[in-house]
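Me: I've got a structure open and want to talk through how its pieces pack. Can you walk me through it?

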Amino acid sequence: MCGIVGFTGNQPAAPILLDGLKKLEYRGYDSAGIAVLCDEKITVSKVTGRIANLCEKTEDGKNVPGFTGIGHTRWATHGAPTDNNAHPHLSNDGKFAVVHNGIIENYVLLREELIADGFVFESETDTEVVVHLIEKYYQGDFKKAVIKTTTRLHGSYALGVVCADEPNKVFVAREASPLILGVGVGENFFASDVTALVSHTRNVIYLEDGEFAEVTPEAITVFDCLGNTVDKKVSRINWDIQSAEKGGYEHFMLKEIMEQPRAVKATIAPRIQGSEIKLDDLEISDEYLKSINKIIITACGSACYAGCAGKYAIEKLCRIPVHTELASELRYSDPLIDEQTLLIVLSQSGETADTIAAIKECKSRGAKVLSLVNVVGSTIAKISDYTLYTWAGPEIAVATTKGYTTQVALLYVFALYVARHLNRIDEPTYANLLETLEDMPSKVQEALDSNPHIPNLAKHYTPDRSVFFIGRNTDYAASLEAALKLKEISYIHAESYAAGELKHGTIALIDEHQPVIALCYNKDIYEKTMSNVVEVKARGADVLAVTFKHNVKIASVADDVIYVPNVETVFSGIVEIIPLQLLAYHVARENGCDIDKPKNLAKSVTVE
């Protein structure tokens with residue numbers, strides 16, 4: 001989603017803003033711009049397309065002098081991706097410039113009011129009402145004008161505002177959209193993501209909803225909506241910019257696929273101490289666990305599919321009913337939730353707008369909320385009753401890989417932890433599954449190493465038509481994410497079907513040389529899935545099977561086979577997805593796609 005960055009200090013602002021915007025490219029965008037103050041004048045430069053175009057237009061910032069500025073990458077919501085709709089937006093008198101993440105829901109009414117007052121609009125965006133409101137309310141007090149403006153705004157926003165009358169100052173405001181302040185020496189920063197800050201400072205302040213900040217080179221002062229000063233803690237980011245660089249890989253996505261053994265180990269290993277799972281960061285009582293009669297897992301996109309994989313483990317081990325719900329649907333569904341419901345929330349960024357709204361709805365009905373997130377200090381982590389961090393490290397590619405697998409890994413850890421505390425499994429089963437979790441990082445490494453033919457398979461499964469994925473039970477859960485990976489980075493239509501449902505309609509889509517990827521890992525229902533593979537083969541499909549190691553029988557039916565390391569089936573979702581991530585990556589590479597920044601997609605979806 002959109003990214004914002006700002007700087008004020010004693011060095012040229014434009015190069016710092018451009019560098020910050022480059023760090024935010026992974027979020028997805030279609031235009032970019034900067035505004036810099038110099039000699040009580042604001043200079044705005046903005047372009048459609050990539051930040052490289054903005055760097056070329058500004059000569060890497062050299063022709064935009066000044067020591068204070070704001071920058072923005074836009075993902076179009078209101079208005080097409082054009083230069084006029086790109087941020088920053090200027091006031092009619094040229095005195096103010098604004099960048100904005102989020103959506104102003106009442107912008108139509110505000111726009112009509114401002115037009116009636118004589119203001120002229122240059123764009124189709126909702127954001128432009130903000131800068132004209134500030135101009136309208138400005139009577140020499142910058143801070144007061146910004147605070148008064150926000151009282152008129154309905155929706156979500158992270159705002160960065162500069163004023164030509166105060167060239168060494170930036171005002172920022174937050175409501176339901178992430179905003180982080182970077183604390184330097186003789187210079188200070190703000191951004192929507194710490195990735196834009198860590199090359200300059202790792203000391204940050206997280207703004208809360210309804211808070212404002214005045215940022216100057218010497219100080220950062222945070223206020224509440226009444227203008228009262230708020231004391232804020234300075235936090236330390238524990239990773240540096242090298243963690244977010246490609247490290248010799250062609251794409252961030254490939255780097256992050258290859259980082260999964262380490263990421264899964266970081267998620268699992270600290271939580272296994274001897275023969276016990278220790279969740280020291282989870283202050284949840286056995287009494288509360290015993291009171292739960294239903295679990296709802298909610299998330300969006302890949303995180304929701306991680307929840308589908310976790311559902312099977314929790315239900316099988318804990319014997320508690322589990323439902324997975326898309327957060328964008330749950331929030332509007334008048335859900336049947338009460339004090340005996342545990343809501344488990346998954347989000348890599350911790351800022352997903354629909355998920356945040358679903359949390360608030362469910363909490364209002366009495367549910368406790370456990371969030372599994374990657375970003376420390378994120379909104380979802382703060383508003384949840386309990387939080388477990390995946391510790392996956394920064395994930396830059398828009399299409400998640402290690403974010404997904406660490407979420408699944410943490411759900412497996414939680415499932416075994418709860419089953420143990422509720423006495424739902426016997427000691428030998430517990431010991432066996434605990435060993436499976438401890439071995440998972442090495443199994444992930446084996447999954448990466450054991451299929452060197454995947455790049456060649458990608459050449460065969462690179463069609464200009466649909467690819468179908470089929471599987472049952474745990475295999476079906478993994479196939480949902482596998483299909484999403486293929487479609488989002490290669491732009492090939494891909495769908496996952498429960499294999500047992502083929503005869504109920506979808507087999508009508510199978511014809512000669514139709515690519516079908518069949519997940520046949522679950523040994524409990526292997527023969528059932530094989531019957532579905534035979535069905536699609538009889539109708540001419542080309543079948544790529546994904547199955548457990550040493551299963552030679554399947555080679556007599558499938559055209560091609562990918563072998564996956566043997567683990568206990570209930571925890572198979574992680575190792576199954578690894579080769580299918582690689583397949584999606586190599587298919588997209590064969591198609592010449594922009595793998596790290598797929599068209600129309602954003603990394604952190606902070607608007608509805």
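Me: How do β26 and β27 pair, parallel or antiparallel?
Reply: Parallel, over five bridges, with β26 covering residues 542–548. Keep in mind that this is a predicted model.

Me: OK. What stands opposite Phe548 in β27?
Reply: That's Val564.

Me: And what's the strand order in the sheet?
Reply: It's an open sheet of five strands, running β24-β23-β25-β26-β27, with parallel pairing.

Me: Which strands stand at the edges?
Reply: β24 (494–498) and β27 (560–564). Each has a single partner strand, so one side of each has no neighbour in the sheet.

Me: How much are neighbouring strands turned against each other?
Reply: By 20° on average, ignoring direction.

Me: Which helices pack on the sheet?
Reply: α16 (residues 474–490) does, touching β23 (467–471), β24 and β25 (515–520). The direction of α16 makes about 170° with that of β24. α17 (residues 526–538) packs on the sheet too, touching β23, β25 and β26. For α17, the angle is about 170° with the direction of β25.

Me: Switching topic: how do α7 and α14 cross?
Reply: The axes of α7 (residues 260–268) and α14 (residues 427–449) come within 8 Å and cross at roughly 170°. Angles over 145 degrees count as roughly antiparallel, so that's what α7 is to α14.

Me: Which residues make that contact?
Reply: From α7, Gln260, Pro261, Val264, Lys265 and Ile268. α14 brings Leu437, Met440, Pro441, Val444, Gln445 and Leu448.

Me: How do they divide into nonpolar, polar and charged?
Reply: Eight nonpolar, two polar and one charged.

Note on methods:
Residues are numbered from 1 along each chain as its sequence is written. This is a predicted model: local features need pLDDT of at least 70, side-chain atom pairs count only at pLDDT 80 or more; totals for chains, interfaces and linings use all residues. Side-chain values use heavy atoms; hydrogens and water are left out. Axes are lines fitted to C-alpha atoms, for helices over the stretch in contact, and angles run from 0 to 180 degrees between N-to-C directions. Helices (H or I, at least four residues) and strands (E, at least two) are DSSP runs, numbered from the N terminus. Angles under 35 degrees count as roughly parallel, over 145 as roughly antiparallel, 65 to 115 as roughly perpendicular and the rest as oblique. Contact means heavy atoms within 4.5 Å. Ala, Val, Leu, Ile, Met, Phe, Trp, Tyr, Cys and Pro count as nonpolar, Asp, Glu, Lys and Arg as charged, and the others, Gly among them, as polar. Two strands pair if DSSP finds at least two bridges between them.
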